[in-house]
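The following report describes selected features of one protein chain. The sequence and the structure are shown first, and the description follows.

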Amino acid sequence: MPQKVSRKFTGWHMTGILVAFFGTVMAVNFTMAGFALSTFGGIQVENSYVASQNFNQWLDAAAEQEKLGWDVTLEQAPEGRLRVLAEGPGENATVLAHARHPVGRKADITLTFTPQPDGSFLSDEALEHDRWIVRLELADGDKVWKREDRL
């Protein structure tokens, strides 16, 4: 029966283990930081304190909008154009939309809409099939309705 040869655990072994461990941790951290920086979509507000001062005004505006009772649906047609179905605003209502890519990979697009015979509104330009955040605004005289949808 062959004899088992035991080796001594030395400081070099421990050094190798520590270097391998911390090298792996650093490689993962640098890789994740690189991914985070390359996909950063920007900031939501310039100054969060100033934005917080306007919060109650935003709530009041939302309550006023809710009183309008308008029911608005946004959908993307197969050819890429956006269709807005709106119940509530008058026939002279106008629709405007601002589309932005969630992570800023594509340029922002402002879309204008044309009223259709069926009462809906159809965008004049097509929007590429992808993920978009669309800020929709309907206006009928002095009444304004706004919402942000994700497509």
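## A buried serine and its surroundings

Ser-120 has a relative accessible area of 1%, and because the limit for a buried residue is under 20%, Ser-120 counts as buried. The model described here is a predicted one. Ser-120 is placed in the loop between β4 and β5. Apart from neighbours within four places in sequence, Ser-120 is in contact with Arg-83, Val-84, Leu-85, Thr-114 and Pro-115. Between Ser-120 and Glu-87 there are 33 residues of separation in sequence, while their C-alpha atoms are 9.1 Å apart in space.

In soluble globular proteins, nonpolar side chains tend to be buried together. In this model, the largest nonpolar core has 19 residues, and the members that touch the most other members are Val-72, Val-84, Phe-113, Leu-136 and Leu-138. At least two residues of this core come from each of the strands β1 (71-76), β2 (81-87), β3 (94-100), β4 (109-115) and β6 (133-140).

Which residues does Leu-138 touch, if those up to four places away in sequence are not counted? The list consists of Trp-70, Val-72, Val-84, Ala-86, Pro-89, Thr-94, Val-95, Lys-143, Val-144 and Trp-145.

## Salt bridges

How many salt bridges does a search of the whole structure find? The search finds seven.

| Pair | N to O distance |
|---|---|
| Glu-148 and Arg-100 | 3.9 Å |
| Lys-106 and Glu-128 | 3.0 Å |
| Asp-130 and Lys-106 | 2.3 Å |

The salt bridge between Glu-148 and Arg-100 has its closest N and O atoms 3.9 Å apart. Glu-148 belongs to strand β7 (residues 143-150) and Arg-100 to strand β3, so this pair ties together parts that are 48 residues apart in sequence. Glu-148 is partly exposed at 36% relative accessibility, and Arg-100 is partly exposed at 24%. Arg-100 and Glu-148 are also linked with Arg-135 in a network of salt bridges.

Lys-106 forms a salt bridge with Glu-128, with 3.0 Å between the closest N and O atoms. This pair links distant parts of the chain, 22 residues apart: Lys-106 is in the loop between β3 and β4, and Glu-128 is in the loop between β5 (121-126) and β6. The side chain of Lys-106 also meets that of Asp-130 in a salt bridge, at 2.3 Å from N to O. Asp-130 lies in the loop between β5 and β6 and Lys-106 in the loop between β3 and β4, so the pair ties together parts that are 24 residues apart in sequence. Relative accessibility is 27% for Lys-106, which counts as partly exposed. Glu-128 is partly exposed at 47%, and Asp-130 is partly exposed at 29%.

## The helices

Helix α1 spans residues 11-38 and contains Phe-22. With a relative accessible area of 46%, Phe-22 is partly exposed. A nonpolar patch on the surface is formed by Phe-9, Met-14, Ile-17, Leu-18, Phe-21, Phe-22 and Val-25, which together have about 670 Å² of accessible area.

Thr-31 also lies in helix α1, and Thr-31 is partly exposed, with a relative accessible area of 40%. How far apart in space are Thr-31 and Asn-92, C-alpha to C-alpha? The distance is 54 Å, and the two residues are 61 residues apart in sequence.

Helix α3 comprises 14 residues (residues 55-68). At 1.5 Å a residue, helix α3 should span 20 Å, and its end C-alpha atoms are 21 Å apart, so the two values agree. After α3 comes Gly-69, which has a positive phi near 75 degrees.

Technical notes
Residues are numbered from 1 along each chain as its sequence is written. This is a predicted model: local features need pLDDT of at least 70, side-chain atom pairs count only at pLDDT 80 or more; totals for chains, interfaces and linings use all residues. Side-chain values use heavy atoms; hydrogens and water are left out. A nonpolar core is a set of buried Ala, Val, Leu, Ile, Met, Phe, Trp, Tyr and Cys residues joined through side-chain atoms within 4.5 Å. Buried means under 20% relative accessible area, exposed over 50%, partly exposed in between (1.4 Å probe, protein chains only). Helices (H or I, at least four residues) and strands (E, at least two) are DSSP runs, numbered from the N terminus. Contact means heavy atoms within 4.5 Å. The expected span of a helix is 1.5 Å times one less than its number of residues. Patches are made of residues with over 30% relative accessible area and no salt bridge: like charges are joined within 9 Å, nonpolar side chains (Val, Leu, Ile, Met, Phe, Trp, Tyr) within 5 Å. Accessible areas come from the Shrake-Rupley method with a 1.4 Å probe; for residues, only the protein chains shown count as cover. A salt bridge is a side-chain nitrogen of Lys or Arg within 4 Å of a carboxyl oxygen of Asp or Glu.
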